[in-house]
Amino acid sequence: MHNIPHIPVLHKEVKNAFADIKNSIVIDCTMGYGGHSSMLLESEPTLSLIGIDQDQTAIDFSTKRLSVFGSRVDIKKGRFSSVIRDILDNTDKNKIKGVLADIGVSSLQLDQKDRGFSYESDTLDMRMDKDAPLSAKDVVNTYSLQELERVLFEYGELRNYKKIAAAIVKNRPIESVKKLSEIVKPHMPKGKKIHPATLVAQAIRIEVNDELGELKSLLKSIEESKLNGAKIAVISFHSLEDRIVKHTFARWAKSCICPSEAMRCSCGNNHALGKIITKKPIMASDEELKQNPRSRSAKMRIFEMDVVDE
């Protein structure tokens, strides 16, 4: 499929984030085509890795790519929100010292026009898991006007979501992303550097794959698992995703959980799960932006767990 693996986003920054982890396990929740996974395994020979992905094409590719690392790699198929629960329940938690989640669509998925992510695609799919029941074609052609308005407003944060939803409904059936782009283009903001249909396609993709729900479920599983001493690194590409990570990490770092109106602390002031490593999100360097323009919206936040056993 691809002879030359792509360079993963924020590759240097991810490598630095996990540089001090040795003789331990790192979970790559969004393994994709093995970019981050192979880099981490190459940089630290004592490291083992559990990779998760719901895309069978990516799993087949990464299985071959990571085969050189032998038993140091364990690959599991499925949505990370559910698979990670099984991993945490059946793995020695003391050995897990890193969790990486690169949220979003990989460059190779975007470049495969038959997957329906590209604006030039003649299909309308957008499923990260090809076996998933809901596709972009279903959302675009069967959702009610009100449901489409919700998707565009909540996930696209579009001001004129009502006009865009109405245009989609009026022009049904829509069979391709290319056609969808043509329909919504007249209603999109002018003068922006991004493709006119970016926010619409992004909103539909998030709905199809329940991306925000997946992220929340992942963070909840990590919170409940109490991975003492583990670094949690999340790379997001959307303001809604970044907001979820930011607020979750802030809550994890909070020691006192008393109501704001409380006169004095009565909770014990010992509820912090660790500390925030990145006060501000890590973003792509100028050098990386030149090599990979798609990295411009990537933001990585890191949290280090330090759970006090009760």
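**Entry 1. A charged pair**

Which side chain meets that of Glu 223 in a salt bridge? I looked it up and found Arg 251, with N to O at 3.0 Å. I count a salt bridge when a side-chain nitrogen of Lys or Arg is within 4 Å of a carboxyl oxygen of Asp or Glu. Side chains of opposite charge can pair when their charged atoms come close.

I then placed both partners. Glu 223 lies in helix H11 and Arg 251 in helix H12 (residues 239-252), so the pair ties together parts that are 28 residues apart in sequence. My helices (H or I, at least four residues) and strands (E, at least two) are DSSP runs, numbered from the N terminus. Glu 223 is partly exposed at 23% relative accessible area, and Arg 251 is partly exposed at 45%. For these words I use under 20% relative accessible area for buried, over 50% for exposed, and partly exposed in between (1.4 Å probe, protein chains only).

**Entry 2. What I am reading**

I note that this is a predicted model, in which local features need pLDDT of at least 70, side-chain atom pairs count only at pLDDT 80 or more, and totals for chains, interfaces and linings use all residues. Residues are numbered from 1 along each chain as its sequence is written, and side-chain values use heavy atoms, with hydrogens and water left out.

**Entry 3. Other salt bridges**

How many salt bridges does a search of the whole structure find? I have 17 on record.

One of them joins the side chains of Lys 22 and Glu 44, at 2.9 Å from N to O. I find Lys 22 in the loop between helix H1 (11-17) and strand E1 (25-28), and Glu 44 in the loop between helix H2 (35-43) and strand E2 (48-53). The pair links distant parts of the chain, 22 residues apart. Lys 22 is partly exposed at 44% relative accessibility, whereas Glu 44 is buried at 10%.

I also looked up Lys 162, which forms a salt bridge with Glu 149; their closest N and O atoms are 3.6 Å apart. Lys 162 sits in helix H8 (residues 161-170) and Glu 149 in helix H7 (residues 145-156), so parts 13 residues apart in sequence are tied together. Lys 162 is partly exposed at 47% relative accessibility, while Glu 149 is buried at 13%.

I noted a network as well: Arg 150, Glu 154 and Glu 207 are joined by salt bridges that share partners.

**Entry 4. Glu 211**

Is Glu 211 buried or exposed? I read a relative accessible area of 5% for Glu 211, so this residue is buried. Glu 211 belongs to helix H11 (residues 211-225). Leaving out residues up to four places away in sequence, I find that Glu 211 touches Met 128, Arg 205, Ile 206 and Glu 241. Contact here means heavy atoms within 4.5 Å.

**Entry 5. Backbone notes**

Which residues does a cis peptide bond join? I found Arg 172 and Pro 173, with omega about 0°. Pro 173 is in the loop between H8 and helix H9 (177-184).

Lys 226 has phi near 55° and lies in the loop between H11 and strand E5 (231-236). Lys 226 is partly exposed at 39% relative accessibility. Asn 269 has phi near 50° and lies in the loop between H12 and strand E6 (274-276). Asn 269 is partly exposed, with a relative accessible area of 44%.
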